[in-house]
Amino acid sequence: MIAHVLLPIPIEHGFDFLVPTELEDEIEVGQRVRVRFTGTDRTGVVVRLGPESDHPGPLEEVIAVLPPPAYSTRALAFVLETAQEYIAPPGIVVNRIIPSRAAAATPTPRYSIDLAAAIAALDELEARAPRQAEVIRALLTTAGPVTKKELAARVGRGISRPLSRLLERGLVREFVPTDGPATPAPPPPDWASVVPESGSALLFGGLQASDYPGLIGKHETALLLAPEILAAKELHRLLLPHFPRAELYHSGLSEGDRGRIWEQVRAGKVKIVVGTRSAVFLPFPDLDLVLVDREEDRGYKQSDMLPYYHARALARRRGKTVLLASPAPAVETYHQ
């Protein structure tokens, strides 16, 4: 068996490698492999498997098949099409987009407050337990449940003890995301005449971020794109009360967390993701809805490294239904 592998080098083609017998049952298209190339161990992505090589002469062997993350066949084809469209070396593109490793999939607890009880206790906490009061104030100013790490970023380290005391008193609530929704998504506004069952539409003039859960709730799988990390975090917090299993994907996450989300999406275990422009490449088996928030924002354009692309343009090819949302849409979007 021969594996055609794209390596992260700036050329237009891949290279053939011989698959050892012991790896034939393990190797698949879309997986990352380790190979020896010009005397150096390199990592590449398998894009084709076949019985024969197009190149004469002896071939180096595949050294190892690497653990997930991996591409699905559909996601790999989409990334290769993107590389061709934007005239970028395919080996650099397919190896740069996919995370290099996946962390273990363990649910992360999130915290929210009992609003009425927390406000009633705030004056007492200000005088007697100022660190607990800081935690309460931080939770009061967030758009939804937050992780302990996010909470510590707001109020500083050493929050374990005050957080534990607040949990004991019932002023703060902890929950671990489950498969079911925490609260029903609100019904969408009456946009039936403009929101298509398939294809794309531009939504503006009165559309609010608070309307997004209702739009997303009509679909089995959904990707909500934001132009920057802070905006993605706020939208993620907005969705969590309605979709506790919704994930957040952006370049600021650790490589392991990005790989974990990538693999859960590929396996169909995560069905709703909020992310920045790179999330457009996530390997959804089927993607019902792509919702692009503030579609006119220049943050959707990747211009500082390969692959250069515009996530808004790519988004229009990803979902069955694509909604572009903006209070002031781009001229070209309005024209289209």
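Is Glu 332 buried, partly exposed or exposed? Glu 332 is partly exposed, because its relative accessible area is 41%. On this scale, buried means under 20% relative accessible area, exposed means over 50%, and partly exposed is what lies in between (1.4 Å probe, protein chains only).

Before going on, a word on what you're looking at. This is a predicted model, so local features need pLDDT of at least 70 and side-chain atom pairs count only at pLDDT 80 or more, while totals for chains, interfaces and linings use all residues. Residues are numbered from 1 along each chain as its sequence is written, and side-chain values use heavy atoms, with hydrogens and water left out.

Back to Glu 332, which has a partner. Arg 312 forms a salt bridge with Glu 332, and the closest N and O atoms are 3.0 Å apart. The pair ties together parts that are 20 residues apart in sequence, because Arg 312 lies in helix H10 (residues 311-315) and Glu 332 in helix H11 (residues 331-335). The Arg 312 end of the pair counts as buried, since its relative accessibility is 11%. A salt bridge here is a side-chain nitrogen of Lys or Arg within 4 Å of a carboxyl oxygen of Asp or Glu. Helices (H or I, at least four residues) and strands (E, at least two) are DSSP runs, numbered from the N terminus.

How many salt bridges does a search of the whole structure find? The count is 18. Take Glu 124 and Arg 128, whose side chains meet in a salt bridge at 3.1 Å, N to O. Both lie in helix H3 (residues 115-128), four residues apart, about one turn of the helix. Glu 124 is partly exposed at 37% relative accessible area, and Arg 128 is partly exposed at 48%. Salt bridges that share partners join Glu 124, Arg 128 and Arg 169 into one network. Another pair is Asp 41 and Arg 36, with the closest N and O atoms of their salt bridge 2.6 Å apart. Asp 41 is partly exposed, with a relative accessible area of 40%, and Arg 36 is partly exposed too, with 36%.

Now for the surface patches. Which residues gather in a patch of negative charge? They are Glu 22, Glu 24, Asp 25, Glu 26, Glu 60 and Glu 61. Glu 26 sits in the loop between strand E2 (15-18) and strand E3 (32-37), and is partly exposed at 39% relative accessible area. There's a nonpolar surface patch as well, of about 260 Å², made by Leu 115, Ile 119 and Leu 140. Leu 140 lies in helix H4 (residues 130-140) and counts as partly exposed at 32% relative accessibility. Patches are made of residues with over 30% relative accessible area and no salt bridge; like charges are joined within 9 Å, and nonpolar side chains (Val, Leu, Ile, Met, Phe, Trp, Tyr) within 5 Å. Lys and Arg count as positive and Asp and Glu as negative, with His and the chain ends not counted. A charge is placed at NZ of Lys, CZ of Arg, CG of Asp or CD of Glu. The areas themselves come from the Shrake-Rupley method with a 1.4 Å probe, and for residues only the protein chains shown count as cover.

The loop between E2 and E3 also holds Gln 31. Gln 31 is buried, with a relative accessible area of 15%, and its side chain reaches the backbone nitrogen of Glu 28 at 2.5 Å. Arg 32 lies in strand E3 and is buried, with a relative accessible area of 7%.

Last stop: the backbone. Most residues other than glycine have a negative phi, and most peptide bonds are trans. Against that background, a cis peptide bond joins Pro 68 and Pro 69, with omega about 15°. Pro 69 lies in the loop between strand E5 (62-65) and helix H1 (73-85). A cis peptide bond also joins Leu 306 and Pro 307, where omega is about -5°. Pro 307 is in the loop between strand E14 (301-302) and strand E15 (309-310). As for phi, the value for Ile 87 is near 50°, positive in a residue other than glycine. Ile 87 is in the loop between H1 and helix H2 (90-97), and counts as exposed at 77% relative accessibility. Arg 294 also has a positive phi, near 50°. Arg 294 is partly exposed, with a relative accessible area of 28%.

Terms used:
A polar contact is a pair of N or O atoms within 3.5 Å; within protein, one must be able to donate a hydrogen and the other to accept it, and residues adjacent in sequence count only if both atoms are side-chain atoms.
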